[in-house]
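Work through the exercises below with the structure open. Each task is followed by a stepwise solution.

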Amino acid sequence: MDFRMEYLSFFVIVTDGEDSSSSKRYKHFQTLEEDDYEDSEIKRFLDGEFTRIVKRKVERNPNTENAPTKIGRFMVEPGYELGSNQNYNLFQRLREADSKERFIGIADELVHIYMDTTAVRGGAFIIARAKLNTYFDEPFLFLLKCDFEPKIARISDERSLISHVEMAISARGMKSIQYPHMPEEGSLDHWELKIHQASHARYFEDFLKFVSYEKPLPEVMGEQVLGMVQQYMEDKWQAEPESTERREEENAIEVWAASEKRELQEYWTHEQVSTASAALVEQKPDLPFSFKLGGVTVKGLLADFGITLHFAKHNGRYVAVIEGDAFQFEKGVSPVELLLPPDLEQLLPIIGTNVKEEEPAIQPYAEESSAQDDDVPW
């Protein structure tokens with residue numbers, strides 16, 4: 001990608017300790033314009049980073065709340081425009097700064113706000129404005145944070161061999177904000193930004209107080225399933241809307257939905273489950289689905305249910321049937337890999353007959369054993 005740097009401000013943040021109460025300070029080292037940047041070491045350090053940031057894939061609804069890359073959206077009150085959002089205004093002022101001095105002043109204001117976030121660590125904070133000449137005439141804004149690397153040394157000379165490097169930074173684990181978000185090449189969304197922070201600390205999320213993030217996929221799908229359940233309850237109890245049985249069933253559903261670990265509820269038929277699943281899969285064909293039966297965990301796709309993955313009961317036990325063209329084993333050889341599988345009809349009578357009994361409680365050690373010496377195996 002053909003980026004042309006307009007301004008790049010380099011700040012250094014220094015903290016006296018690791019906890020959030022430690023004293024913190026920052027210093028503006030230098031702001032480069034286009035010609036200065038092209039001849040600088042920082043260009044070689046960041047070479048390729050801007051392209052990686054723009055091309056980094058992001059899910060609008062990630063599979064987990066802790067996804068490293070997210071889409072943020074500026075929050076506004078109903079009926080108000082983007083200009084009412086404080087974070088947007090700060091970014092837009094940087095994008096519109098018409099001089100180097102103006103850019104430095106706004107960048108300094110931004111870093112000052114960042115310093116008030118929790119758990120700020122020392123490192124380099126870089127604020128860059130660059131144009132992607134391939135597609136747009138308007139600039140992108142990049143905020144980059146590189147933490148200091150501990151215990152860094154470099155080869156010095158034949159006498160001292162190595163010397164300690166103070167304030168060493170690395171692009172590895174770099175946190176970044178890109179504004180505006182480019183959903184696809186050639187298009188921009190000025191309501192959205194892309195944020196990347198690989199560590200567990202949510203520095204940038206704390207910093208952008210007026211930005212919201214899309215819900216993780218499990219939460220979105222969970223809300224849709226609950227909506228389906230509520231409609232099912234309305235239809236089921238239409239003739240008895242205030243019955244005690246309905247209230248009990250609704251309470252049971254609420255407990256089930258709020259539980260971290262849930263069991264099979266046995267409310268819906270296979271056809272009802274298939275219809276509800278199809279509505280979710282239509283929105284996201286690769287929607288993940290996992291469950292645990294006994295001590296075995298299975299991971300797959302919701303689209304597999306009813307096609308290659310089946311649930312059933314037999315001899316009073318739950319059964320999951322997974323069908324496929326071939327087994328594949330990894331990491332170590334087991335005798336199971338040598339099995340000549342029997343037909344399913346031969347297996348069904350066995351299901352439910354080999355249930356393990358609970359382990360007997362450990363008996364306390366007897367002071368006097370009745371066993372003879374010959375009975376002791378060692």
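## Exercises on salt bridges, patches and a domain

A search of the whole structure, a predicted model, finds 24 salt bridges.

**Exercise 1.** Find the salt-bridge partner of Arg 4 and state which elements the pair ties together.

*Solution.* 
- Step 1. The partner is Glu 34; the closest N and O atoms are 3.4 Å apart. A salt bridge needs such a pair within 4 Å.
- Step 2. Arg 4 sits in strand S1 (residues 3–15) and Glu 34 in helix H1, so the bridge ties together parts that are 30 residues apart in sequence.
- Step 3. Arg 4 has 27% relative accessibility and counts as partly exposed. Glu 34 has 30% and is partly exposed.

**Exercise 2.** Are Glu 6 and Arg 129 buried or exposed, and how far apart in sequence are the parts that they tie together?

*Solution.* 
- Step 1. The side chains of Glu 6 and Arg 129 form a salt bridge, at 2.7 Å from N to O.
- Step 2. Glu 6 belongs to strand S1 and Arg 129 to strand S4 (residues 123–132), so this pair ties together parts that are 123 residues apart in sequence.
- Step 3. Glu 6 is buried, and Arg 129 is buried too. Buried means under 20% relative accessible area.
- Step 4. Salt bridges link Arg 4, Glu 6, Glu 34, Arg 129, Lys 131 and Asp 137.

**Exercise 3.** By about how many helical turns are Glu 250 and Arg 246 separated?

*Solution.* 
- Step 1. Glu 250 and Arg 246 meet through their side chains in a salt bridge of 2.9 Å, N to O.
- Step 2. Both residues lie in helix H8 (residues 244–258). They are four residues apart there, so about one helical turn separates them.
- Step 3. Glu 250 is partly exposed at 28% relative accessibility, whereas Arg 246 is buried at 7%.

**Exercise 4.** Which residues form the negative surface patch, and which helix gives the largest share?

*Solution.* 
- Step 1. The patch consists of Glu 33, Asp 35, Asp 36, Glu 38, Asp 39 and Glu 101.
- Step 2. Helix H1 (residues 34–38) contributes the largest share, three residues.
- Step 3. Take Glu 38 as an example. Glu 38 is placed in helix H1. Its relative accessibility is 36%, so Glu 38 counts as partly exposed. Patch residues need over 30%.

**Exercise 5.** Describe the span that UniProt annotates at residues 263–348, then name the residues of the nonpolar surface patch.

*Solution.* 
- Step 1. The UniProt record, an unreviewed entry, gives "domain: DUF3898" for residues 263–348.
- Step 2. This span is 21% helix and 28% strand, and its end C-alpha atoms lie 23 Å apart.
- Step 3. Leu 264, Leu 293, Phe 311 and Tyr 318 make up the nonpolar patch, with about 350 Å² of accessible area together.
- Step 4. Locate Phe 311. Phe 311 lies in strand S13 (residues 309–314) and counts as partly exposed at 34% relative accessibility.

**Exercise 6.** Where is His 181 found, and how far in space is His 181 from Glu 323?

*Solution.* 
- Step 1. The loop between strand S8 (175–179) and strand S9 (192–196) holds His 181.
- Step 2. His 181 has a relative accessible area of 4%, so His 181 is buried.
- Step 3. From C-alpha to C-alpha, His 181 and Glu 323 are 42 Å apart in space; in sequence they are 142 residues apart.

Methods:
Residues are numbered from 1 along each chain as its sequence is written. This is a predicted model: local features need pLDDT of at least 70, side-chain atom pairs count only at pLDDT 80 or more; totals for chains, interfaces and linings use all residues. Side-chain values use heavy atoms; hydrogens and water are left out. Patches are made of residues with over 30% relative accessible area and no salt bridge: like charges are joined within 9 Å, nonpolar side chains (Val, Leu, Ile, Met, Phe, Trp, Tyr) within 5 Å. Accessible areas come from the Shrake-Rupley method with a 1.4 Å probe; for residues, only the protein chains shown count as cover. Lys and Arg count as positive and Asp and Glu as negative; His and the chain ends are not counted. The place of a charge is taken as NZ of Lys, CZ of Arg, CG of Asp or CD of Glu. Helices (H or I, at least four residues) and strands (E, at least two) are DSSP runs, numbered from the N terminus. Buried means under 20% relative accessible area, exposed over 50%, partly exposed in between (1.4 Å probe, protein chains only). UniProt positions are given in the numbering used here, feature names are shortened, and annotations may be inferred rather than shown by experiment.
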